[in-house]
Amino acid sequence: MQNNNENKVRTRFAPSPTGYMHVGNLRTALYSFLLAKKHGGTFLIRIEDTDQERYVEGATEIIYKSLSAAGIVWDEGPGKGGEYGPYIQSERKGLYKEYAEKLVESGGAYLCFCGKQRLDEVRSKQKAAGIAPMYDGHCRDLSRDEISKKTAAGVSCVIRQKMPRAGTSSFIDSVFGEISVENTALDDQILIKTDGMPTYNFANVIDDHLMAITHVVRGNEYLAQTPKYNLLYDSFGWKKPEYIHCPMIMSSAGKVLSKRDGSATFEELLEQGFLPDAVINYIALLGWSPKGEREIYALDELIGEFGVSGISKSPAIFDIAKLRAINGEYIRAMDNEQFNRTANEYIRKTCRREDIDMDLLSKMLKPRTETFAEIPEQVDFIDRLPDYNIELYTHKKMKTNSENSLVALQAMLPIFEKIDDWSFDSLHAAIFALIEKLSVKNGLVLWPLRVAVSGKQFTPGGGPEIAALLGRDETISRIKTGIDKLSK
RNA sequence: GGCCCGUUGGUCAAGCGGUUAAGACUCCGCCCUUUCACGGCGGCAUCACGAGUUCGAGUCUCGUACGGGUCACCA
């Protein structure tokens, strides 16, 4: 009989709770998720919190919230359960030491009693000599007697991995190809710390194995470390996972994108008015490219398209301009009701008038919005006419200036005063009738109108729309203000 | 510094030995139009450098330069 579990793809996202969701991490989570789902496999979350000094309040919640907002659902993980739990490393504490001890017995690791002071000395000597700082193997070959003596004396110790002293280790990464390193370059890294907690390097391997992870998706910074992990797998006689290392995401300065860059975290991006789906869509494309020319993909479409072969090797620069463009596409694709609902919240930040036709305003705003955050500025002229300069009336292309603008405003004032049905349609009709009567170019009337009613050069929609939005009294009052300003 | 990795326009990128070297964003021009935007059309701009392999190299090999990563009782 065939065991289906044997071939089932299992991936994980293993963040440490830092207190924010970096876009690089989000992308790693995304790729990991996509890979699992692409193959009908399982995606799980494991929290790597072995460093007790770095505990951040509420940090795990941020991870869950971000992932959920992004639409990335995990099949197993904290709070969700699964047969491979617990999924928080601090809750698995006891388990790692056992494995480390097994390794000590089999000769793959050893107890080290060196104190911080000695280690520092060794390191600085090595540095001074210009060689790579590494553990010097002081405790590597202690006799049983020496070990029991120290243990009896209560000298605290760590467990270190015993690296081979010759040969090379290599493996095939699914993105980067063959990677090999000299074993002599491998440090006898610490597996279990003095406090009994495992280091990341150890816990990560143990858990990946215990949780039956088949594909490890992670950042490129682990590429050169992977041979060390593989040596661990070998010492235990475990099957190694497939490795998929992703290129890093850089800031525009060409440095690795860090929290200091602003908009480097998912939360910040959402605060700036970006849609979660658009962010996911954009970061999916940062370092991976689909087969065709399409670039707008919903998450479930991404699952279908995703493939490890499309992941690139070179680092990518995070380009907020491109994100904005994609976000704009998502906004334009929203249905009106949904757009209105979200837009209202932002409109209300600077426009509090209750008698505004919100549907009309939303309709005007939708094709002009790249991020919701820019809406408040677009509608800030509605509540109160800005104190504008009459130079705005001069527009080269429209062939307007202060003089002919004054004439236009004076001509439209009585017409507006006579309009009973104050709607866009009748306003539009009235204005175009005037244009025809004066037999001038459209802009000669429309431009002064826009400036008079908005006090701005760029507005969402033209004069008639704005007039309809503002209502009769406000519009007429603003036209009079314009006439005053121009008459001086 | 040792080791590992990378390098196609300003940015994301396609490309798998023979292409006029796709496409998208940005920028510019034109059209549409009531400004801006949307939409449409068009344009600027790229194989880091040097050798080698080959009839032929962005594609393969080596070197150089530049960039990044990594060398913790952090993850």
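Tutor: Helices (H or I, at least four residues) and strands (E, at least two) are DSSP runs, numbered from the N terminus. Helix H18 is followed by Gly 455, whose phi is positive, near 70°. This is a predicted model, where local features need pLDDT of at least 70, side-chain atom pairs count only at pLDDT 80 or more, and totals for chains, interfaces and linings use all residues. Residues are numbered from 1 along each chain as its sequence is written, while chains are lettered from A and ligands numbered from 1 in the order in which they are written.

Student: How do you know that the span of helix H18 agrees with what it should be?

Tutor: The expected span is 1.5 Å times one less than the number of residues. For the 13 residues of H18 (442–454) that gives 18 Å, and the end C-alpha atoms are 18 Å apart, so the two agree.

Student: Why is Gln 189 called partly exposed?

Tutor: A residue is buried with 20 or more other C-beta atoms within 10 Å of its own, exposed with 12 or fewer, and partly exposed in between; C-beta atoms are placed from the backbone. Gln 189 has 18, so it is partly exposed. Gln 189 is found in the loop between strands E6 (177–182) and E7 (190–192).

Student: What makes Gln 189 and Asn 201 a contact?

Tutor: Contact requires C-beta atoms, placed from the backbone, within 7 Å. Leaving aside neighbours within four places in sequence, Gln 189 meets this with Asn 201, and also with Arg 160, Gln 161 and Lys 228. Gln 189 and Asn 201 are 12 residues apart in sequence and 8.3 Å apart in space, C-alpha to C-alpha.

How values were computed:
Two residues are in contact if their C-beta atoms, placed from the backbone, lie within 7 Å.
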